[in-house]
Amino acid sequence: MRNLLYWRLLLLAGICTVFISCSKDDDPEEENPEENWPSDSIRVVKTGLQFPWEILWGKDDHIWMTERGGKVSKVDPRTGETVFSTSIPGVVSRGEGGLLGMVQDPGFMQNGFLYLVHNYLEGDAYREKLVRYRFANNALVEELILLDEIPAANVHNGSRLVIVEGNPSVLYMTTGDAANTALPQQSGSLAGKVLRFLLDGSVPGDNPVAGNYYWSMGHRNPQGLVWAKNRLYASEHGPNIEDEINSIEKGVNYGWPSVNGPCDPAEQAFCDANQVREPIWSSGSSTFAACGMDYYDHDRIPGWKNSLLMTSLKNSRLYVHALNGDGSSIAGTTTHFLNSWGRLRDVCVSPGGRVYLCSSNGNNQDVLVEISSLE
Ligand SMILES: [Ca+2]
Ligand SMILES: [Ca+2]
């Protein structure tokens with residue numbers, strides 16, 4: 001009898017354990033993916049990287065990263081362990097080109113779709129394409145080309161991706177002028193644009209020109225792109241003056257190559273004739289090499305709330321641009337981490353408000369760093 005009671009209790013305990021652990025797994029609200037985290041304010045998560053280009057916080061609570069030479073990897077941000085990596089076939093890295101922008105599908109946890117931009121060779125011609133892969137069984141499979149034959153060069157390949165979820169969801173991609181300043185003002189060229197797609201690669205019916213991917217024109221080399229406050233913000237490298245942040249709108253001309261930064265008297269005639277939209281921020285008489293951006297809206301680092309975080313290659317620091325209430329202008333800028341990790345290429349933010357930066361110095365010495373606090 002005593003023995004039977006013992007077994008009944010053991011069975012009950014087993015059922016409870018299974019029930020509790022299942023209910024925990026089934027209800028993401030009850031899980032905190034960032035519990036038991038290292039307590040460091042600033043922590044180098046990973047070393048030995050080679051020109052990381054894109055970092056993003058995935059829906060699977062890992063950091064997904066591209067490196068320009070062609071590698072995609074998935075990193076456990078708590079331990080720094082690379083839990084998956086692969087090389088994308090056909091990537092040709094020349095100068096600033098190679099494997100560049102990346103974004104996950106809104107349904108990534110179900111369909112595994114990952115969108116990537118990379119350069120490739122078509123005969124002797126250097127080109128860029130947007131492709132979709134499926135992450136399944138720890139591999140990237142089923143390459144689907146959404147758009148290819150985009151002009152490319154050793155410099156100015158844009159390539160940042162953002163998906164805005166909706167009905168339907170749309171994908172935005174930046175392209176650079178591919179070192180040909182004639183292209184950004186030609187609506188028929190894919191270069192020097194923000195392009196807009198449906199997620200199957202087709203042209204949305206409400207793009208400015210029927211059958212044309214172009215959403216905005218007159219861009220030089222936009223290497224930062226983020227959706228926040230119901231706006232699309234793009235950062236852009238200026239020539240030797242006037243890096244820009246633009247609020248991207250349908251069919252608008254952002255001026256390059258006729259206009260740098262705000263419309264000066266010498267540029268005003270072109271601005272008036274083409275209704276050029278001035279940037280919401282520009283770097284003035286020098287360039288910072290404004291690069292990857294993300295939006296910060298968390299209490300973890302209170303002073304950064306409602307800001308655009310922007311990396312700088314040349315000035316080797318993070319710019320924090322505080323937005324005004326409706327996001328139409330920048331109320332003030334602070335800078336952080338000068339020369340801490342050299343040139344900075346990209347930034348992403350975790351749901352818990354931790355900020356991640358990647359450097360762009362080469363020699364297999366690039367790093368992924370985490371900022372959990374400024375204290
Ligand atoms: Ca402009
Ligand atoms: Ca100007």
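Trainee: Ground rules before we start?
Mentor: Residues are numbered from 1 along each chain as its sequence is written, and chains are lettered from A and ligands numbered from 1 in the order in which they are written. The model is predicted, with local features needing pLDDT of at least 70 and side-chain atom pairs counted only at pLDDT 80 or more, while totals for chains, interfaces and linings use all residues.

Trainee: How many helices and strands does the chain have?
Mentor: Three helices and 24 strands. Helices (H or I, at least four residues) and strands (E, at least two) are DSSP runs, numbered from the N terminus.

Trainee: Now S359. Where is it?
Mentor: S359 sits in strand β23, residues 355-359.

Trainee: Is S359 buried or exposed?
Mentor: S359 is buried because 24 other C-beta atoms lie within 10 Å. The cut-offs are 20 or more such atoms within 10 Å for buried, 12 or fewer for exposed, and partly exposed in between, with C-beta atoms placed from the backbone. Across the chain, buried residues make up 43% of the 375.

Trainee: What is S359 in contact with?
Mentor: Leaving aside neighbours within four places in sequence, S359 contacts W341, G342, R343, L344, R345, D366 and V367. Contact requires C-beta atoms, placed from the backbone, within 7 Å. The C-alpha atoms of S359 and W53 are separated by 8.7 Å, though the two residues are 306 apart along the chain.

Trainee: Changing topic: which strands form the open sheet?
Mentor: Four of them, in the order β6-β7-β8-β9, with antiparallel pairing. The edge strands are β6 (99-104) and β9 (139-151), each pairing on one side only. Two strands pair if DSSP finds at least two bridges between them.

Trainee: How many bridges join β8 and β9?
Mentor: Eight, in the antiparallel sense, with β8 covering residues 125-136. L130 has L147 in β9 as its bridge partner.

Trainee: Last one. What does Y172 touch?
Mentor: Not counting residues up to four places away in sequence, Y172 touches V162, V194, L195, R196, W215, L225 and L232.

Methods. Contact = placed C-beta atoms within 7 Å.
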